[in-house]
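Colleague: I'd like to learn how to read a model like this one, feature by feature. Can we go through it together?

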Amino acid sequence: MIVLLIAMLLAIFLLPNAWAKWVLARHSRGRDDYPGTGAELAEHLLRRMGIEGVQVELTEQGDHYDPEARRVRLSRDHYEGRSLTAVTVAAHEVGHAIQHHQGYAPLIARARLVGVAQKAEKIGALLMMAAPFLFILTRLPGGLAIVVVAAVISFGTAALVHLVTLPVEFDASFQRALPLLKDYVPPYDMPGARHVLTACAFTYVAASLASILNLGRWLVILRR
């Protein structure tokens with residue numbers, strides 16, 4: 001029973017990320033019939049949408065849009081690649097730039113929450129580790145519970161950020177990128193483009209589940 005439960009948990013937390021990676025790899029073959037790279041399409045889409053001041057950059061930190069720096073950042077394979085994955089991921093990240101340009105409230109809320117969550121997660125980890133020692137030092141009734149609650153709230157913000165991120169990602173994929181791609185991707189490639197866009201969003205599903213698992217792991221440790 002325990003083995004089955006562990007297997008189910010691993011499947012729940014690992015399969016979304018594994019599936020997303022498989023989809024991206026499946027459509028990453030170079031295409032001679034595509035007129036430009038992911039970076040070139042991103043720059044073209046920004047011009048087409050009249051978005052000024054946003055630049056497209058090569059990054060080693062994973063594909064993302066930085067609303068503070070106003071940069072669409074693409075990994076090398078997607079920046080230089082001429083594949084369905086490359087152009088679709090580029091369109092997805094431009095989708096975030098469009099959200100920012102149009103003042104999409106969930107994106108702005110996520111951007112503000114990310115900074116808070118990063119600090120809170122660090123504080124939460126420190127409180128989790130320090131809780132037993134603080135309890136020994138203070139010996140106050142309920143002192144440990146107070147520290148644990150504070151740590152859980154701090155640590156739980158990471159999971160909250162990922163949950164807030166999900167609608168932002170799906171909007172960037174299917175409300176922003178997909179309509180644009182229909183003008184650049186052949187009709188027979190559109191089902192693959194939809195799969196890639198779904199995979200882009202599902203990477204955050206995996207991140208959300210990982211955050212929840214991490215929080216649960218700390219709670220189990222503290223109960224011992």
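Colleague: Let's start with the largest pocket: which element supplies the largest share of its lining?

Modeller: Keep in mind that this is a predicted model. To read a pocket, go through its lining element by element. Here α5 gives the largest share, with 8 residues. At least two residues each come from β2, α4, α5 (105–138) and α6.

Colleague: How much space lies in that pocket, and which residues are closest to its centre?

Modeller: The space comes to about 710 Å³. The lining has 25 residues, and H64, R110, V114, Q118 and Y204 are the closest to the centre.

Colleague: How do the lining residues divide into nonpolar, polar and charged?

Modeller: There are 9 nonpolar, 9 polar and 7 charged residues in the lining of this pocket.

Colleague: Let me step back to the whole chain. How many helices and strands are there?

Modeller: The protein chain has 7 helices and 3 strands. Read from the N terminus, the order is α-α-β-β-β-α-α-α-α-α. Of the 224 residues, 42% are buried. For contacts between residues at least 6 apart in sequence, 72% join residues at least 24 apart.

Colleague: On to the sheet. In what order do the strands stand?

Modeller: The order here is β1-β3-β2, in an open sheet with mixed pairing. β1 (55–58) and β2 (64–66) are the edge strands; each has a single partner, so one side of each is left without a neighbour in the sheet. Ignoring direction, neighbouring strands are turned by 25 degrees against each other on average.

Colleague: Which pairing is parallel, and which is antiparallel?

Modeller: β1 pairs with β3 (residues 71–74) in the parallel sense, over 4 bridges, and L58 stands opposite L74 in β3. The pairing of β2 with β3 is antiparallel, over 3 bridges, and there Y65 faces V72 as its opposite residue.

Colleague: Which way do the side chains of β3 point?

Modeller: The general idea is that side chains in a regular strand alternate between the two faces of the sheet. In β3, R71 and R73 point one way, V72 and L74 the other way, and all are buried.

Colleague: How does V152 compare with the cut-offs, and why does V152 count as partly exposed?

Modeller: V152 counts as partly exposed because its relative accessibility is 23%. V152 belongs to helix α6 (residues 143–181).

Terms used. Residues are numbered from 1 along each chain as its sequence is written. This is a predicted model: local features need pLDDT of at least 70, side-chain atom pairs count only at pLDDT 80 or more; totals for chains, interfaces and linings use all residues. Side-chain values use heavy atoms; hydrogens and water are left out. Buried means under 20% relative accessible area, exposed over 50%, partly exposed in between (1.4 Å probe, protein chains only). Two strands pair if DSSP finds at least two bridges between them. Axes are lines fitted to C-alpha atoms, for helices over the stretch in contact, and angles run from 0 to 180 degrees between N-to-C directions. On a 1 Å grid over the protein atoms alone, a cavity is a set of points where a 1.4 Å probe fits but cannot get out, and a pocket is an open set with protein on both sides within 12 Å along at least five of seven lines; lining residues have an atom within 4 Å of a point. Grid points are joined across faces, edges and corners, and a volume is the space filled by probe spheres set on the points. Ala, Val, Leu, Ile, Met, Phe, Trp, Tyr, Cys and Pro count as nonpolar, Asp, Glu, Lys and Arg as charged, and the others, Gly among them, as polar. Contact means heavy atoms within 4.5 Å.
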